[in-house]
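Trainee: I would like to go through this model with you slowly, one question at a time. Could you show it to me before we start?

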Amino acid sequence: MTFSRGYLDEVQRTIELVDPDAIERCVELLATTRGHGGRLFILGVGGSAGNASHAVNDFRKLAAFEAYAPTDNVSELTARTNDEGWSTVFEAWLRTSRLRAEDLIMVLSVGGGSVERNVSPNLVSALQYAKSLGTPVIGIVGRDGGYTATVADACVIVPTTNPAHVTPHAEEFQGILWHLMVSHPSLKAAPTKWESVP
């Protein structure tokens, strides 16, 4: 078997193991948030930060959300990192954005954050702040979901089908799952371009 065939087989197994009920719970919270005028804040680090930026576009353009990702402003992100420290950058950004209980946090992450392992502690601080305000949290995460899975109101954990490919599968499935969400009839508000071109 080639590497390519094996990798694609892992993707197929992952699709079969993803929990569709968890996806539907995320969609319900998204619909509720949009329905009462809440904002969507999408948090991600590394490759997940790139995914967060893309997801913001899709949620704004296709699903009519007021949506933001703190990593889209590299000047503020690096200033806060330099001046205040990495672990608080997202929390401080959310404070300045006047996060409310009516808003929604979406986490895109491979590990979900862990203070004990010193991995994505900025996600942990942001989620602690969100929960202190009563702001709901959803996530698309890999592995065991880390801190995100323990506090989220709804969370899709991308199953591990090969421990050597946790990161690529988690990050690629973030894209599959948020595209599913913005295409969901409960959320879709505008047509995608190529489907509307004769």
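Trainee: At roughly what angle do the axes of α3 and helix α8 (residues 166-183) cross, and which word describes that arrangement?

Mentor: Helices here are DSSP runs of H or I with at least four residues, strands are runs of E with at least two, and both are numbered from the N terminus. Axes are lines fitted to C-alpha atoms, for helices over the stretch in contact, with angles from 0 to 180 degrees between N-to-C directions. The axes of α3 and α8 come within 10 Å and cross at roughly 10 degrees. Because angles under 35 degrees count as roughly parallel, over 145 as roughly antiparallel, 65 to 115 as roughly perpendicular and the rest as oblique, α3 and α8 are roughly parallel.

Trainee: What should I know about the model and its numbering before reading on?

Mentor: This is a predicted model, in which local features need pLDDT of at least 70 and side-chain atom pairs count only at pLDDT 80 or more, while totals for chains, interfaces and linings use all residues. Side-chain values use heavy atoms, leaving out hydrogens and water, and residues are numbered from 1 along each chain as its sequence is written.

Trainee: How do the residues of the contact of α3 with α8 divide into nonpolar, polar and charged?

Mentor: Contact means heavy atoms within 4.5 Å, and by that rule the α3 side includes Asn-51, His-54 and Phe-59, which meet residues of α8 including Gln-174, Trp-178 and Val-182. Ala, Val, Leu, Ile, Met, Phe, Trp, Tyr, Cys and Pro count as nonpolar, Asp, Glu, Lys and Arg as charged, and the others, Gly among them, as polar. The division is five nonpolar, six polar and two charged.

Trainee: Which word describes how α4 and α5 lie to each other?

Mentor: Helix α4 (residues 74-84) and helix α5 (residues 89-96) pack with their axes 9 Å apart, at an angle of about 120 degrees. Residues in this contact include Leu-77 and Arg-80 of α4 as well as Phe-90 and Trp-93 of α5. Given that angle, α4 and α5 are therefore oblique.

Trainee: How many disulfides does the model have?

Mentor: A disulfide is a pair of cysteine sulfur atoms within 2.5 Å. The sulfur of Cys-26 has its closest cysteine sulfur in Cys-155, but because the two are 6.8 Å apart they are too far for a bond. The count is therefore zero.

Trainee: Is Cys-26 buried or exposed?

Mentor: Buried means under 20% relative accessible area, exposed over 50% and partly exposed in between, with a 1.4 Å probe and protein chains only. Cys-155, at 17% relative accessibility, counts as buried. Cys-26 has a relative accessible area of 0%, so this residue is buried.

Trainee: In which strand does Ile-138 lie, and what is its relative accessibility?

Mentor: Ile-138 lies in strand β4 (residues 137-141). Leaving aside neighbours within four places in sequence, Ile-138 is in contact with residues including Cys-26, Leu-104 and Ala-154. Ile-138 counts as buried, because its relative accessibility is 0%.

Trainee: What is phi of Ala-64, about?

Mentor: Ala-64 is placed in the loop between α3 and β2 (67-68), and counts as partly exposed at 48% relative accessibility. Although Ala-64 is not a glycine, its phi is positive, at about 60 degrees.
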